[in-house]
Amino acid sequence: MIEFDQEPPRRQFETLIPLINVVFLLLIFFLLAGTMQPTENVAVSLPKGALNDRERDLPSTLIVEADGFVWLGDRVMDAKLAGHFVKQHLGEEGSRRVAVKADRDAPAEAVLELMEGLREAGVEQVTLLTERGS
(Lines give C-alpha, C1' and ligand atoms only; values in the text may rest on other atoms or scores of the structure.)
Protein backbone atom coordinates (compact mmCIF):
# COMPACT_ATOMS: atom_id res chain seq x y z
CA MET A 1 0.00 0.00 0.00
CA ILE A 2 1.11 3.48 -0.81
CA GLU A 3 1.20 5.99 1.95
CA PHE A 4 0.76 9.62 1.17
CA ASP A 5 2.07 12.39 3.40
CA GLN A 6 -0.71 14.07 5.22
CA GLU A 7 -0.85 17.81 4.99
CA PRO A 8 -0.60 19.52 8.35
CA PRO A 9 -3.87 21.07 9.45
CA ARG A 10 -4.23 24.71 8.50
CA ARG A 11 -4.25 27.32 11.21
CA GLN A 12 -7.11 29.72 11.21
CA PHE A 13 -6.12 33.16 9.94
CA GLU A 14 -6.20 35.50 12.91
CA THR A 15 -7.29 39.02 12.03
CA LEU A 16 -6.66 42.23 13.86
CA ILE A 17 -9.75 43.93 12.52
CA PRO A 18 -11.85 43.47 15.70
CA LEU A 19 -9.02 44.93 17.78
CA ILE A 20 -8.69 47.93 15.45
CA ASN A 21 -12.46 48.49 15.61
CA VAL A 22 -12.40 48.52 19.41
CA VAL A 23 -9.46 50.96 19.48
CA PHE A 24 -11.22 53.36 17.12
CA LEU A 25 -14.44 53.15 19.14
CA LEU A 26 -12.49 53.99 22.31
CA LEU A 27 -10.78 56.86 20.52
CA ILE A 28 -14.11 58.31 19.41
CA PHE A 29 -15.55 57.86 22.90
CA PHE A 30 -12.67 59.70 24.57
CA LEU A 31 -12.75 62.50 21.99
CA LEU A 32 -16.45 63.06 22.61
CA ALA A 33 -16.41 62.55 26.37
CA GLY A 34 -13.16 64.33 27.22
CA THR A 35 -12.79 68.06 27.69
CA MET A 36 -9.83 69.99 26.36
CA GLN A 37 -10.38 73.14 28.41
CA PRO A 38 -7.77 74.08 30.99
CA THR A 39 -8.92 74.56 34.55
CA GLU A 40 -9.27 78.18 35.63
CA ASN A 41 -8.06 77.65 39.19
CA VAL A 42 -4.44 76.94 38.30
CA ALA A 43 -1.95 79.48 39.61
CA VAL A 44 0.86 80.18 37.18
CA SER A 45 3.68 82.64 37.78
CA LEU A 46 4.86 84.03 34.48
CA PRO A 47 8.47 85.06 33.91
CA LYS A 48 9.31 88.73 33.60
CA GLY A 49 10.79 89.74 30.28
CA ALA A 50 13.13 92.57 29.50
CA LEU A 51 13.95 94.10 26.16
CA ASN A 52 17.51 94.18 25.10
CA ASP A 53 19.18 97.55 24.56
CA ARG A 54 18.96 97.23 20.80
CA GLU A 55 15.13 97.28 20.86
CA ARG A 56 14.60 99.89 23.56
CA ASP A 57 15.19 102.89 21.35
CA LEU A 58 13.59 102.25 18.00
CA PRO A 59 14.59 104.96 15.55
CA SER A 60 11.16 105.64 14.02
CA THR A 61 7.63 105.07 15.24
CA LEU A 62 4.70 105.23 12.85
CA ILE A 63 1.28 105.81 14.39
CA VAL A 64 -1.84 104.73 12.48
CA GLU A 65 -4.97 106.60 13.60
CA ALA A 66 -8.50 105.23 13.62
CA ASP A 67 -9.28 107.15 10.42
CA GLY A 68 -6.34 105.54 8.57
CA PHE A 69 -3.92 108.48 8.55
CA VAL A 70 -0.30 107.80 9.49
CA TRP A 71 1.89 109.98 11.70
CA LEU A 72 5.68 110.01 11.36
CA GLY A 73 7.01 112.40 13.94
CA ASP A 74 5.00 115.60 13.45
CA ARG A 75 4.00 114.78 9.85
CA VAL A 76 0.61 113.33 9.00
CA MET A 77 0.15 111.48 5.71
CA ASP A 78 -1.99 108.98 3.89
CA ALA A 79 -1.01 105.34 4.34
CA LYS A 80 -0.34 105.00 0.60
CA LEU A 81 2.28 107.77 0.72
CA ALA A 82 3.91 106.71 3.98
CA GLY A 83 6.49 104.51 2.27
CA HIS A 84 7.98 107.46 0.37
CA PHE A 85 8.29 109.62 3.50
CA VAL A 86 9.66 106.73 5.53
CA LYS A 87 12.32 106.12 2.88
CA GLN A 88 13.44 109.75 3.17
CA HIS A 89 13.31 109.62 6.96
CA LEU A 90 15.31 106.37 7.12
CA GLY A 91 17.91 107.84 4.78
CA GLU A 92 18.48 110.60 7.34
CA GLU A 93 18.52 108.19 10.30
CA GLY A 94 20.64 105.49 8.66
CA SER A 95 18.50 102.67 10.02
CA ARG A 96 16.22 100.05 8.47
CA ARG A 97 14.01 99.42 11.52
CA VAL A 98 10.66 101.00 12.38
CA ALA A 99 7.88 100.49 14.90
CA VAL A 100 4.19 100.62 13.99
CA LYS A 101 1.58 101.57 16.57
CA ALA A 102 -1.91 101.14 15.11
CA ASP A 103 -5.22 102.11 16.69
CA ARG A 104 -7.47 99.13 17.30
CA ASP A 105 -10.15 100.78 15.16
CA ALA A 106 -7.74 101.53 12.30
CA PRO A 107 -8.86 100.05 9.00
CA ALA A 108 -6.93 96.94 8.02
CA GLU A 109 -6.47 98.36 4.51
CA ALA A 110 -4.50 101.29 5.88
CA VAL A 111 -2.20 99.01 7.90
CA LEU A 112 -1.65 96.71 4.90
CA GLU A 113 -0.91 99.69 2.62
CA LEU A 114 1.54 100.98 5.21
CA MET A 115 3.29 97.59 5.42
CA GLU A 116 3.52 97.41 1.62
CA GLY A 117 5.01 100.91 1.55
CA LEU A 118 7.52 99.95 4.24
CA ARG A 119 8.58 96.91 2.22
CA GLU A 120 9.06 99.08 -0.87
CA ALA A 121 11.02 101.61 1.20
CA GLY A 122 13.55 98.93 2.15
CA VAL A 123 12.60 98.50 5.79
CA GLU A 124 14.18 95.31 7.11
CA GLN A 125 12.45 95.00 10.49
CA VAL A 126 8.99 96.13 11.60
CA THR A 127 7.99 95.97 15.26
CA LEU A 128 4.26 96.08 16.02
CA LEU A 129 3.58 97.85 19.31
CA THR A 130 0.61 96.64 21.33
CA GLU A 131 -0.85 97.13 24.78
CA ARG A 132 -0.60 94.47 27.39
CA GLY A 133 -3.95 92.72 27.85
CA SER A 134 -5.45 92.33 31.28
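This is a predicted model: local features need pLDDT of at least 70, side-chain atom pairs count only at pLDDT 80 or more; totals for chains, interfaces and linings use all residues.
Residues are numbered from 1 along each chain as its sequence is written, and side-chain values use heavy atoms, with hydrogens and water left out.

**The whole protein**

- The protein has 4 helices and 5 strands, and from the N terminus on they follow the order α-α-β-β-β-α-β-α-β.
- Of its 134 residues, 18% count as buried; buried means under 20% relative accessible area, exposed means over 50%, and partly exposed lies in between (1.4 Å probe, protein chains only).
- The accessible surface comes to about 12,100 Å², and 56% of that belongs to carbon and sulfur atoms; such areas come from the Shrake-Rupley method with a 1.4 Å probe, and for residues only the protein chains shown count as cover.
- Taking contacts between residues at least 6 apart in sequence, 66% join residues at least 24 apart; contact means heavy atoms within 4.5 Å.

**Arginine 97 and the β4-β5 pairing**

- Arginine 97 is buried, at a relative accessible area of 16%.
- Strands β4 and β5 (residues 125-128) run parallel and are joined by 4 bridges; two strands pair if DSSP finds at least two bridges between them.
- Within β5, glutamine 125 is the bridge partner of arginine 97.
- The side chains of arginine 97 and glutamine 125 are also joined, by a polar contact of 3.2 Å.
- A polar contact is a pair of N or O atoms within 3.5 Å; within protein, one must be able to donate a hydrogen and the other to accept it, and residues adjacent in sequence count only if both atoms are side-chain atoms.

**Strand β1 and its two partners**

- Strand β1 (residues 61-64) has Leu62 and Val64 on its covered face, with Thr61 and Ile63 on the uncovered one.
- On one pairing, β1 and β4 go together in the parallel sense over 4 bridges.
- Here leucine 62 has valine 100 of β4 as its bridge partner, and valine 64 stands opposite alanine 102 of β4.
- β1 also pairs with strand β2 (residues 70-72), in the antiparallel sense and over 3 bridges.
- In that pairing, leucine 62 stands opposite leucine 72 of β2.
- The hairpin of β1 and β2 has 5 residues between the strands, and its glycine 68 takes a positive phi near 100°.

**Lysine 101**

- Lysine 101 is another residue of strand β4, and at 45% relative accessibility it counts as partly exposed.
- Setting aside neighbours within four places in sequence, lysine 101 is in contact with Leu62, Ile63, Val64 and Leu129.
- Lysine 101 and valine 111 are 10 residues apart along the chain, and their C-alpha atoms are separated by 9.8 Å.

- Because they are 3 residues apart in helix α4 (residues 108-121), glutamate 116 and arginine 119 are separated by about one helical turn.
- Glutamate 116 is partly exposed at 35% relative accessibility, whereas arginine 119 is exposed at 55%.

**The aromatic pair**

- A search of the whole structure finds 1 aromatic pair.
- It is formed by phenylalanine 29 and phenylalanine 30, which are edge-to-face, with 5.3 Å centre to centre and 65° between the planes.
- Rings of Phe, Tyr and Trp (its six-membered ring) pair if their centres lie within 6.5 Å; planes under 30 degrees apart count as stacked, over 60 as edge-to-face and the rest as tilted.
- Phenylalanine 29 is partly exposed, with a relative accessible area of 48%, and phenylalanine 30 is exposed, at 56%.

Note on methods:
Helices (H or I, at least four residues) and strands (E, at least two) are DSSP runs, numbered from the N terminus.
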